[in-house]
Structures are given as structure tokens and as C-alpha cells.
Amino acid sequence: MSTPRVLWLFSMTRSGSSAVTYASAEALGFAVADEPFGPWDRTNAPYSYPPEQVELHRLHLSKGEVLCEETCELATRLLTKIASDQGSDTVIIKLPHSMIEPREVARFWPEHRMAFLLRNPLARLNSLYTRGWTDTIREPYDLETLRVFLNRYMHQPAERRLTFDEFTQTPRRFFRRLWDCWDCAHNEEQIETAVKYKAGNYHESSGETIKGRNPHRVLSEHRQDVPREAVEAYLDDAVVGTFLKRVGWDCSAEIYVRQL
């Protein structure tokens, strides 16, 4: 088996990376490696990855979640099998976590292409609260994880930086930008396929979809569940508050605070 071309999508959880990844794969005929370094056994449906996926997580964790020759060799073997199993010569790695340092990807795999997806941090936090995923929020309010991602995001060239707002509001432009960033040839028919996939599929979590669920009726877009102290912590933070103002996101506390 020949080594596949590899594309990365870095994000934080609840930032739309599942919908973006699977829509791109559907339109372009690419394979998906959904969080292959993560702590989940994805050797069963709906992923059915080779057993190396579990081995990769254990090895990567044992190395302090820092890439090395050994983990890269195993990852390449796994990605080659995933691409072959899904009948493609290209695989998209979806990674909504900080367990991989992008500059290490560039060092070990300079031929890989990377893109970064950012959602308004308070909207993203609200999504975690409305879903009840509070056990995934590291104290204090995921601020440390957010600062790490914002630092990595802002150190990327402009063409690699995309937003969830762009994905939801101007999806055609979004997919063109993303695929150009990945250096993927595409046509208008493929753009429409991706947009149609986005409109018809709601990703509950990673590759798990809810049949018949309207992707436009997202609970976190219609209800605010973030505690006031979390909102104030974000807006008062020297890094996060400054970033929100810089990119023009609303910094009015009341639009984010839990409605009682």
C-alpha cells in the first residue's frame, strides 16, 4: 500500500470540525481519520479503524503526547490502512484537541497540509454547557486549553485560519478556502455536494449523526447556559478578552450569560 496524502483539521471540541471533515470527505472522496490519537477505541462501528488505532493512542500517551519517530511510524501505518479501507489515496485527520503540536507535524511530516477552525470561544463553551458535557471542561472554564489553541491559531498564515461563522454563513466560500489551503483540486459540483451534506447531516459527536435532525436547529444557538462567572472570566482574561475584541466578536456579557 502506498502512503496516502494527509490533511489535518485542528480545532477545539464543539467547533464544527466533524461536519466540516465529513462534508469534505463526502465531496472529495477522501477517507477520514476521526481523532485517531484520542483516548477512544474506534475499531468498531461507525469508524471500524484497524487495531493500530488503539495502539497509537497508548503509545502517544506514553510519550507525553509529543510526536516522535516511533509514534509517527505507527501513525503512518494506521493512516495508510484507513485510507486503503475507505478506498482513497487521501485521508483527513480531524483533531479537536491540543494533544498534537502543529509545529511537530510540520517537522515530522512537512508534506502534510494543515488548516485551523475556530469558533467564538464563548459560543463554543455554551455548546458544551447546553449538551451537559461539563466533565470535558477543564478548570477554570477551559481557559488554559483555549489559550493554547488561540496561540497556535494566530501563529498560522491567514489562509490556514478559518472560522465556524464562515462555515455556517458562507459555506461555499468556506469550502473553497479550506480546500485551497489543503491544496486540493475541486469543482463547483463538489462544492455543492459539501454544502448539501452540511445542510442534511447533523453530527451529534464525531462520526455519529442523527438521522432527520435539522442541522440549523442547533440547541446552543438558541439557548444560553454559560454561568456568569465563566463569561466574566473569558471577557476579563488578558488573552481571550483581547482576542475577542480584536476579531470583532461581541463582548457584551449579557448575550452569553445563562438565562434563568
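**Loop with Pro46**

I looked up Pro46 and found it in the loop between strand 2 (31–34) and helix 2 (52–62). Helices (H or I, at least four residues) and strands (E, at least two) are DSSP runs, numbered from the N terminus. The model is a predicted one, where local features need pLDDT of at least 70, side-chain atom pairs count only at pLDDT 80 or more, and totals for chains, interfaces and linings use all residues. Residues are numbered from 1 along each chain as its sequence is written, and side-chain values use heavy atoms, with hydrogens and water left out.

I checked the peptide bond between Ala45 and Pro46: it is cis, with omega about 5°. Glu35 is in the loop between strand 2 and helix 2. I noted that Glu35 has a positive phi of about 55° although it is not a glycine. Is Glu35 buried or exposed? Its relative accessibility is 4%, so Glu35 counts as buried. Buried means under 20% relative accessible area, exposed over 50%, and partly exposed in between (1.4 Å probe, protein chains only).

**Loop between helix 5 and helix 6**

I found a cis peptide bond from Glu139 to Pro140, with omega near -5°. Pro140 lies in the loop between helix 5 and helix 6. Asp142 is found in the loop between helix 5 and helix 6. Asp142 is not a glycine, yet its phi is positive, about 70°. I read a relative accessibility of 2% for Asp142, so this residue counts as buried.

**Helix 5**

How many of the 11 residues of helix 5 are buried? I found nine in helix 5 (residues 121–131), so the helix is largely enclosed by the rest of the structure. Among the buried ones are Pro121, Arg124, Asn126 and Tyr129. The cover over the buried residues of helix 5 includes helix 6 (143–154), helix 10 (228–236) and helix 11 (240–247).

I then looked at the ends. Asn120 caps the N-terminal end of helix 5, with a side-chain oxygen 2.9 Å from the backbone nitrogen of Leu122. Gly132 follows helix 5 and has a positive phi, near 80°.

I placed Glu166 in helix 7 (residues 164–169). Its relative accessible area is 9%, so Glu166 is buried. Leaving aside neighbours within four places in sequence, I listed Pro171, Arg173, Phe174 and Arg177 as contacts of Glu166. Contact means heavy atoms within 4.5 Å. Glu166 and Thr136 are 30 residues apart along the chain, and their C-alpha atoms are separated by 26 Å.

Phe175 is in helix 8 (residues 171–181). Phe175 has 0% relative accessibility and therefore counts as buried. Not counting residues up to four places away in sequence, Phe175 touches Val20, Ala23, Ser24, Phe167, Ile191, Ala194 and Val195. I also compared Phe175 with Gln259, 84 residues apart along the chain, and found their C-alpha atoms separated by 34 Å.

**Nonpolar core**

Which residues have the most contacts inside the largest nonpolar core? I found Trp8 and Trp179, in a core of 79 residues. Helix 1 (residues 17–28) gives the most to this core, with seven residues. A nonpolar core is a set of buried Ala, Val, Leu, Ile, Met, Phe, Trp, Tyr and Cys residues joined through side-chain atoms within 4.5 Å. Leaving aside neighbours within four places in sequence, the contacts of Trp8 include Phe37, Ile93, Trp109, Met114 and Trp182.

**Cavity**

Rolling a probe the size of a water molecule over the atoms shows where empty space is left. A cavity is a set of points, on a 1 Å grid over the protein atoms alone, where a 1.4 Å probe fits but cannot get out, and lining residues have an atom within 4 Å of a point. Grid points are joined across faces, edges and corners, and a volume is the space filled by probe spheres set on the points.

I counted one cavity of 30 Å³ or more. The largest cavity holds about 40 Å³ of space. I listed its lining as Phe10, Ser11, Leu95, His97, Ile100, Pro102, Phe116, Phe149 and Arg152.

Notes:
On a 1 Å grid over the protein atoms alone, a cavity is a set of points where a 1.4 Å probe fits but cannot get out, and a pocket is an open set with protein on both sides within 12 Å along at least five of seven lines; lining residues have an atom within 4 Å of a point. A polar contact is a pair of N or O atoms within 3.5 Å; within protein, one must be able to donate a hydrogen and the other to accept it, and residues adjacent in sequence count only if both atoms are side-chain atoms.
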